[in-house]
Amino acid sequence: MTDTPPAPGRRGMAACGERETLQAFLDDFRDIVVRKASGLSDADARRHLVPSATTVGGLVKHLRWAEYGWFDQLLTEHLDDNRRPHDREWEFVLSDDELLPTLVAEYRQQCEQSRRIAANYPLDHTVAHRRLGPVSLRWIYVHMIEETARHCGQIDILREQLDGATGFD
């Protein structure tokens, strides 16, 4: 049995600081979302393969809004929680004019915006969250790693069902 090499962003990260490590893990999962969604047709991106409304396109759309809610709204203190200006269910439903390449581009743009925002704050910076109480940038990073990784797993399974593609690379 051979060891699997670490994901590209995590190679050489073992000796890095906490912030760099958190950023690298989150960026790895962000990149996996993009790679797993890439190459699918719009029809496949909206195909329902499980009883819920979960689709590859819906997960990409949701993750874009999760980035917005935690970094753009909460961390910059525009709102006192990560609520979005729409029903949460809307994030998982694709309208006819929402195409996968556009959803991926919007997700990538929002991730870049999240990176720019986070760069302005130390990890210990806290903001008040209406339901959770004070949350730090560190907490937001860990939460977004968890959120993005969980949805990467869902996208991976859906992708395997759609065309047999497996793995996160």
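## A helix, its aromatic pairs and a hairpin

At 22% relative accessibility, Y68 counts as partly exposed; that class lies between buried (under 20% relative accessible area) and exposed (over 50%), using a 1.4 Å probe and protein chains only. This is a predicted model, in which local features need pLDDT of at least 70, side-chain atom pairs count only at pLDDT 80 or more, and totals for chains, interfaces and linings use all residues. Residues are numbered from 1 along each chain as its sequence is written, and side-chain values use heavy atoms, leaving out hydrogens and water.

Helix α3 covers residues 56-75; helices here are DSSP runs of H or I with at least four residues, strands are runs of E with at least two, and both are numbered from the N terminus. The 20 residues of α3 reach 27 Å from the first C-alpha to the last, close to the 28 Å expected, where the expected span is 1.5 Å times one less than the number of residues. Of these 20 residues, 19 are buried, so α3 is largely enclosed by the rest of the structure. Just after α3, E77 takes a positive phi of about 60°.

Now for the aromatic rings. The structure holds 3 aromatic pairs: rings of Phe, Tyr and Trp (its six-membered ring) pair if their centres lie within 6.5 Å, with planes under 30 degrees apart called stacked, over 60 edge-to-face and the rest tilted. Two of the pairs are shown here.

| Pair | Type | Centre to centre | Between planes |
|---|---|---|---|
| W65 and Y68 | edge-to-face | 5.3 Å | 75° |
| W70 and W139 | tilted | 5.3 Å | 50° |

Why are W65 and Y68 separated by about one helical turn? They are 3 residues apart in helix α3. W65, at 14% relative accessibility, counts as buried. W70 lies in helix α3 and W139 in helix α5, so their pair ties together parts that are 69 residues apart in sequence. W70 is buried at 6% relative accessibility, while W139 is partly exposed at 34%.

Leaving aside neighbours within four places in sequence, I140 is in contact (heavy atoms within 4.5 Å) with W70, F71, L74, L75 and V135.

Finally, meet the hairpin. Strands β1 (residues 126-129) and β2 (residues 133-136) pair in the antiparallel sense over 4 bridges; pairing requires at least two bridges found by DSSP. The hairpin has 3 residues between its strands, and T126 stands opposite S136 in β2.
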